[in-house]
Amino acid sequence: MDVDLTTLREDFEQTGFAIAPNLFSRNEAQQLKHECINILDAVKEETGSVAGHGVHVGLAARSPVFQEAVGDVRILDILETILSPNIEFLSDKVVFKSESMTFASPWHQDWHYWHGAHKHSIWVALDDATVDNGCLKLFPGSHTSAIVHDGDASDGHGFGNRLRPDAIDEDLAITAELEAGGAVFFHDLTLHASHPNKSGEERWVWIPTYRDAVVEDNDYPWAVAAKVVRGEKVNSSK
């Protein structure tokens with residue numbers, strides 16, 4: 001990884017996101033993808049199915065590979081620059097699109113799913129992410145305030161909190177095409193979505209989420225693998 005942390009911090013402060021190409025090597029990304037597949041296979045065997053909208057939460061809760069990955073020094077060095085010297089991992093998820101799963105993710109801010117203190121997530125491409133296979137797109141500067149989410153979520157694609165499609169000027173959005181191993185760090189108020197997958201191929205992404213370990217926040221029953229990964233934690237939960 002070759003990242004100018006000062007430039008990355010300035011980008012993040014201005015736009016609400018920062019791109020770190022080649023955060024992981026292509027080989028590391030492939031290993032993480034294989035672990036995702038193994039986890040989903042195990043979930044299918046245990047429960048009979050996985051979510052039809054292509055999102056599964058809680059990789060680090062059941063995988064030593066992801067328990068180690070969430071504390072990777074390359075991630076933490078960037079988070080220390082844009083978030084805090086005291087960093088707590090909260091939870092992670094895999095987002096996968098298959099050749100038959102073509103829908104785009106709608107525009108949304110992650111904060112509406114958890115509220116409380118603001119958090120930072122990392123969209124890590126485990127395959128080359130392109131416009132054709134559904135890469136991320138983001139709306140720069142949208143991280144300064146919460147926006148009303150009043151879109152229709154009845155399509156069965158998840159994302160119960162979303163904007164109406166006509167609420168965004170797509171011409172102002174930034175598309176983040178990445179090679180496998182590249183990543184986008186983003187604030188939980190940064191509006192983001194994905195392009196549809198028109199490639200006829202699969203596309204896998206790993207998304208871990210972190211918070212400032214010394215800022216008062218809610219307790220989340222779903223954050224079963226939460227742990228401080230750098231610095232210290234003050235017991236200030238609500």
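The model is a predicted one, so local features need pLDDT of at least 70 and side-chain atom pairs count only at pLDDT 80 or more, while totals for chains, interfaces and linings use all residues. Residues are numbered from 1 along each chain as its sequence is written, and side-chain values use heavy atoms, with hydrogens and water left out.

Val215 sits in the loop between strand 9 (203-212) and strand 10 (227-230); helices (H or I, at least four residues) and strands (E, at least two) are DSSP runs, numbered from the N terminus. Together with Val214 and Val234, Val215 makes a nonpolar surface patch of about 190 Å². Patches are built from residues with over 30% relative accessible area and no salt bridge, joining like charges within 9 Å and nonpolar side chains (Val, Leu, Ile, Met, Phe, Trp, Tyr) within 5 Å. Accessible areas come from the Shrake-Rupley method with a 1.4 Å probe, and for residues only the protein chains shown count as cover.

On to the charged pairs. Searching the whole structure turns up 14 salt bridges, each one a side-chain nitrogen of Lys or Arg within 4 Å of a carboxyl oxygen of Asp or Glu. In one of them, Arg230 pairs with Glu80, and the closest N and O atoms are 2.7 Å apart. This pair ties together distant parts of the chain, with Arg230 in strand 10 and Glu80 in helix 4 (residues 73-82), 150 residues apart. Glu80 is partly exposed, at a relative accessible area of 36%.

Another salt bridge joins Asp217 to Lys119, with 3.1 Å between the closest N and O atoms. Here, too, distant parts of the chain are linked: Asp217 belongs to the loop between strand 9 and strand 10, Lys119 to strand 4 (residues 119-125), and 98 residues separate them. Both Asp217 and Lys119 are buried.

Glu170 and Lys137 form a salt bridge as well, their closest N and O atoms being 3.2 Å apart. Lys137 is in strand 5 (136-138) and Glu170 in the loop between strand 5 and strand 6 (174-176), so that this pair links distant parts of the chain, 33 residues apart. Glu170 is partly exposed because its relative accessibility is 37%, whereas Lys137, at 11%, counts as buried. Through shared partners, salt bridges also join Glu88, Lys119, Arg211, Asp217 and Lys233 into one network.

Helix 1 (residues 5-15) has Leu8, Phe12 and Thr15 as buried residues. Viewed down the axis of helix 1, these buried residues fall within an arc of 95 degrees, so they line one face of the helix; the arc is taken over the directions from the helix axis to the C-beta atoms. The face turned away from that buried side carries the exposed residues Glu13 and Gln14. What the buried residues pack against is strand 1 (17-20), helix 4, strand 4 and strand 7 (183-187), with contact meaning heavy atoms within 4.5 Å. At the start of helix 1, a side-chain oxygen of Asp4 comes to within 3.0 Å of the backbone nitrogen of Thr6. Gly16 follows helix 1 and has a positive phi, near 90 degrees.

Positive phi also turns up away from glycine. Asn22 has a phi near 55 degrees and lies in the loop between strand 1 and helix 2 (26-47), where Asn22 is partly exposed at 40% relative accessible area. His115, not a glycine either, has a positive phi of about 55 degrees. His115 is found in the loop between strand 3 (87-97) and strand 4, and is partly exposed, with a relative accessible area of 37%.

His112 also lies in the loop between strand 3 and strand 4, and its 16% relative accessibility makes it buried. Setting aside neighbours within four places in sequence, His112 is in contact with Ala146, Ile147, His149 and Asn161. The side chain of His112 also makes a polar contact, at 3.1 Å, with the side chain of Gln109. A polar contact is a pair of N or O atoms within 3.5 Å; within protein, one must be able to donate a hydrogen and the other to accept it, and residues adjacent in sequence count only if both atoms are side-chain atoms. From His112 to Pro140 the C-alpha to C-alpha distance is 18 Å, for a sequence separation of 28 residues.

Key:
Buried < 20%, exposed > 50% of the residue type's maximum accessible area, 1.4 Å probe, protein only.
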